[in-house]
Amino acid sequence: MKRIISTKKGYIAITSAVMMMGIIIFIVFTIGFTSFLSRANLSHSYYKDKTLGLAEGCLQVALYKLTQSSTYSGAETIPVDTETCRVVSVVASTTRKIIVTQGEYQKAYTNLRITIDEADFALLNWEELTQ
């Protein structure tokens, strides 16, 4: 009797190995891409915190300048360390003043608006504005 030698003897093993490698590559790529996106989210969160600090710093400067002069109208850029922020406006409304500031860093923005009592500088309202 003659034996028939099959030429497809290792075909199943090679196909299985290729499929397993494809699955492993897909998993590694997914994990790597997810960690990359997480890093981007962390950076944006850091930038947003920094812009909030800048906008709050401008609010403090605007409040100080209002104590020095009740006619202070804002519309200036304030240097804060190596960055800058803007006092967009200070608007009088009856017995209140409305102060709007903006902090900007790496294309992230925070816009704040506060309302204070003109007589005693009591804080009446504090809100973050959307762009």
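Q: Where in the secondary structure is threonine 51 found?
A: In this predicted model, threonine 51 is found in helix H1.

Q: Why is threonine 51 called buried?
A: The relative accessible area of threonine 51 is 0%. Buried means under 20%, so threonine 51 counts as buried.

Q: Which residues does threonine 51 touch, not counting those up to four places away in sequence?
A: Threonine 51 touches Gly103, Glu104, Tyr105, Ala108, Tyr109 and Thr110.

Q: Why is threonine 94 called exposed?
A: Threonine 94 has 75% relative accessibility. Exposed means over 50%, therefore threonine 94 counts as exposed. Threonine 94 is found in the loop between S2 and S3.

Q: What makes the phi of threonine 94 worth a remark?
A: The phi angle is near 50 degrees, which is a positive value in a residue other than glycine.

Q: Which loop holds glutamine 106, and what is the phi of this residue?
A: Glutamine 106 lies in the loop between S3 and S4. Its phi is near 50 degrees, again a positive value in a residue other than glycine.

Q: How many helices and strands does the chain have, and in what order do they run?
A: There is 1 helix and there are 5 strands. From the N terminus on, the order is α-β-β-β-β-β.

Q: How many residues are in the largest nonpolar core, and which have the most contacts inside it?
A: The largest nonpolar core has 16 residues, and Leu66, Tyr72, Val87, Val90 and Ile99 have the most contacts inside it. Helix H1 (11-68) and strands S2 (83-93), S3 (96-105) and S4 (108-117) each supply at least two residues of this core. H1 gives the most, with 6 residues.

Q: What does valine 90 touch, not counting residues up to four places away in sequence?
A: Valine 90 touches Leu66, Tyr72, Ser73, Gly74, Lys97, Ile98 and Ile99.

Q: How do you know what radius of gyration a compact globule of 131 residues would have, and what does the chain have?
A: The globule rule is 2.2 Å times the number of residues to the power 0.38. For 131 residues a compact globule would be near 14 Å, but the chain has 30 Å. The C-alpha trace spans about 110 × 30 × 15 Å along its principal axes.

Q: What share of the chain counts as buried?
A: Of the 131 residues, 21% count as buried. The accessible surface of the chain comes to about 9,800 Å², and 62% of that belongs to carbon and sulfur atoms.

Q: How far apart are the mean positions of the positive and negative charges?
A: The mean positions of the 13 positive and 11 negative charges are 29 Å apart.

How values were computed
Residues numbered from 1 in each chain as written. Predicted model: local features only at pLDDT ≥ 70, side-chain atom pairs only at ≥ 80, totals over all residues. Heavy atoms only, no water. Core = buried A, V, L, I, M, F, W, Y, C linked by side-chain atoms within 4.5 Å. Buried < 20%, exposed > 50% of the residue type's maximum accessible area, 1.4 Å probe, protein only. Helix = DSSP H or I, 4+ residues; strand = E, 2+ residues; numbered from the N terminus. Contact = heavy atoms within 4.5 Å. Areas by Shrake-Rupley, 256 points an atom, 1.4 Å probe, with all protein chains shown as cover. Lys, Arg positive; Asp, Glu negative; His and termini not counted. Charge placed at Lys NZ, Arg CZ, Asp CG, Glu CD.
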